[in-house]
Each structure stands twice: as structure tokens, then as C-alpha cells.
Amino acid sequence: MKYDKPKVSIIMGIFNCSGTLRESVDSIVNQSYKNWELIMCDDGSTDDTYCIARQYADQYSNIKVIKNDKNQGLAYSLNQCLQHCRGEYIARQDADDRSLPERLEKEVRMLDINQQYDIVSTGMKFFDEKGFWGEIIPIEKPLPEDFIAQSPFCHAPSMVRRKALLAVNGYDVTKKTLRVEDYNLWFRMYANGSRGCNIKESLYEVRDDRSAITRRKYNLRLKEAYVRFSGYKMLKLPCTSYIYAIRPLIVGLVPNGLYKFLRRYRYN
């Protein structure tokens, strides 16, 4: 069936992910919901990522690939994708993850039925080279106070109303929110009056392996602390909640091996 205009625009930043990109895009192609477009932005890859993405764009009319002149980071790449989106809803996907076949269908249904929500996301299952090892099921109807301990929405499997995302000017591209741009986005959307919900089942599979652990540098913890502190102020949360702003700084001091153990214990 052909559609005059896609209802869902999926945005994906891609960078040196030639080993996982096909699996990720195939999980979108095989969705039960068909009225979508996929916009991929190559962020200066030095491997075969761009060539693989181009192959999909050549094969499917609803897949488009754009390219940054140099590496700019995920937030910048996602904003570039947004400029090409035509859908009423904007969905996310990472280039090394997989969506279950009914993910888009269930998220679209949720936003169609519940006009009071601008954000919907789902649970996630974690996997690595040895298989699945854990799962996270977020709270169903997050309130502002649910932002204190952690982000109440999983970013990668999320879908939002385009108008609500554009109302806060998309993703923040400053270095102070680099790699915690999702947490910052949810803070800004809630501060602007948006609300969201979570589908309490895992419709997304996120790759979380050894390389993911090594990417968690201490400067990321500093950025998260900043995003937390500024976000608590945006939502006018109690001053007692600010103690949680130092939580990522403490976690960042934990050795990688122990951090991996505690993380898996938490989600297993």
C-alpha cells in the first residue's frame, strides 16, 4: 500500500556502525506498521556505514540518507534529520539496536488514542555478544517528580509528536548536554507542558556490550549532573531533590567492572 505522506518519521544518527546498521534498519523495514519514513544522518563515518545506508535508500523510497561534513555528535545529527521529516510523529532508533515488529504500531496507537500525551516510549531488553542479559520497564505515567532519580523515558524506543518536539526547538546541541541530550529533552518538554506515557512491555532491544561500558567517561557524568541540576530547576522540583544531581558523579568513580556488575544486577 502506498501512502501520500508518512505519519511516522524515524530519525537515526549513524556513525561507524557498519557492523550493526543492516540489522537495525531491517528491524524497521519489517515493522507491522508501514506508514513511515526513515531519515539517517551519517556523522562523518570512516567505515562503510554511509555506503550501507545509501544501499537502503536506493532500495526503499521511504528511506533517506543525509550527511554531515564532519563529526558533530548525535544531537546535531538528529536535528539535521528533523529538517527532512514529514511525519506527524517522530520516532527514534539507534543504529546498533533493534525494534520488535509491533513497536511502531503500538506507539502510534497510543498517541492516536491519548491526545493528552506528546511522548510515548517502551521498555527495553539489553543484549550483548552472549545474548540477552537484562530488561528495564519504565513507570507507566511519569510525573515531574519521577525525573528526580532517573530519566523516566527510554530515548531510543521513543516516539513524540512533532509539534511538541519543535516547540522546544528539538535537541540541545551544546557540549554541556552531549550524550545526555535525551534527559535534557524530556526536562524541556515537560517544562513546556508536555506529558508522556510508557508502554509497559519491551518492544526494543538495545545493544549494551563491552564497548558501551568503555564509552561511559567521567566527563559524561559531569554533563549528566548539569542536566539534572538544570532540569530540576525547570520543573520546580523540591530543593531536596538536588542531592540527586551528584549521583552520577559518585557512580562515575565506580570501576568499570563493578559498574557493569551493579548495572546487570539492577536490570536482571
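The lining of the largest cavity divides into 8 nonpolar residues, 1 polar and 1 charged. The model is a predicted one. The structure holds 1 cavity of 30 Å³ or more. The volume of the largest cavity is about 50 Å³. Its lining is formed by Ile-11, Ile-90, Ala-91, Arg-92, Ser-158, Val-160, Leu-165, Tyr-171, Leu-185 and Trp-186. Two elements, strand E4 (89–92) and helix H6 (181–191), each give two or more residues to this lining. E4 gives the most, with 3 residues.

Strand E4 was examined next. In a regular strand, side chains alternate between the two faces of the sheet. In E4, Tyr-89 and Ala-91 point one way, while Ile-90 and Arg-92 point the other way. All of these residues are buried. E4 has strand E1 (residues 8–14) as a partner, joined by 4 bridges, and the two run parallel. Within this pairing, Val-8 has Tyr-89 of E4 as its bridge partner. E4 is also joined to strand E8, here by 3 bridges and in an antiparallel arrangement. Ile-90 stands opposite Val-160 in E8. Both Ile-90 and Val-160 belong to the lining of the largest cavity.

Helix H6 also contributes to that lining. Of its 11 residues, 10 are buried, so the helix is largely enclosed by the rest of the structure. The buried residues include the charged Glu-181, Asp-182 and Arg-188. Among the others are Tyr-183, Asn-184, Leu-185, Trp-186, Phe-187, Met-189 and Tyr-190. Leu-185 and Trp-186 also line the largest cavity. After H6 comes Gly-193, with a positive phi near 105°.

A pair of aromatic rings is described by the distance of the centres and the angle of the planes. The whole structure contains 11 aromatic pairs. One of them joins Phe-153 and Tyr-190 in a tilted arrangement, 6.0 Å centre to centre and with 55° between the planes. Phe-153 lies in the loop between strand E7 (131–136) and strand E8 (159–161), whereas Tyr-190 lies in H6, so the pair ties together parts that are 37 residues apart in sequence. Phe-153 and Tyr-190 are both buried. They also belong to one aromatic cluster, formed by Phe-147, Phe-153, Tyr-183, Trp-186, Phe-187, Tyr-190, Phe-229, Tyr-232 and Tyr-242.

Lys-67 lies over the face of Tyr-50, at 4.3 Å from the ring centre. Arg-98 places its charged end over the ring of Phe-127, 4.0 Å from the centre of that ring.

Backbone angles were considered last. Most residues other than glycine have a negative phi. Asn-169 is not a glycine, yet its phi is positive, at about 65°. Asn-169 is found in the loop between helix H5 (162–167) and H6. Its relative accessibility is 67%, so Asn-169 counts as exposed. Lys-236 is another residue other than glycine with a positive phi, near 55°. The loop between helix H8 (218–234) and helix H9 (247–251) holds Lys-236. With a relative accessible area of 74%, Lys-236 is exposed.

Methods: Residues numbered from 1 in each chain as written. Predicted model: local features only at pLDDT ≥ 70, side-chain atom pairs only at ≥ 80, totals over all residues. Heavy atoms only, no water. 1 Å grid on protein atoms, 1.4 Å probe; cavity = no way out; pocket = protein on both sides within 12 Å on 5 of 7 lines; lining within 4 Å. Points joined across faces, edges and corners; volume = space filled by probe spheres on them. Phe/Tyr/Trp six-rings, centres within 6.5 Å; stacked < 30°, edge-to-face > 60°. Buried < 20%, exposed > 50% of the residue type's maximum accessible area, 1.4 Å probe, protein only. Lys NZ or Arg CZ within 6 Å of the ring centre and 35° of its normal. Pairing = 2+ DSSP bridges.
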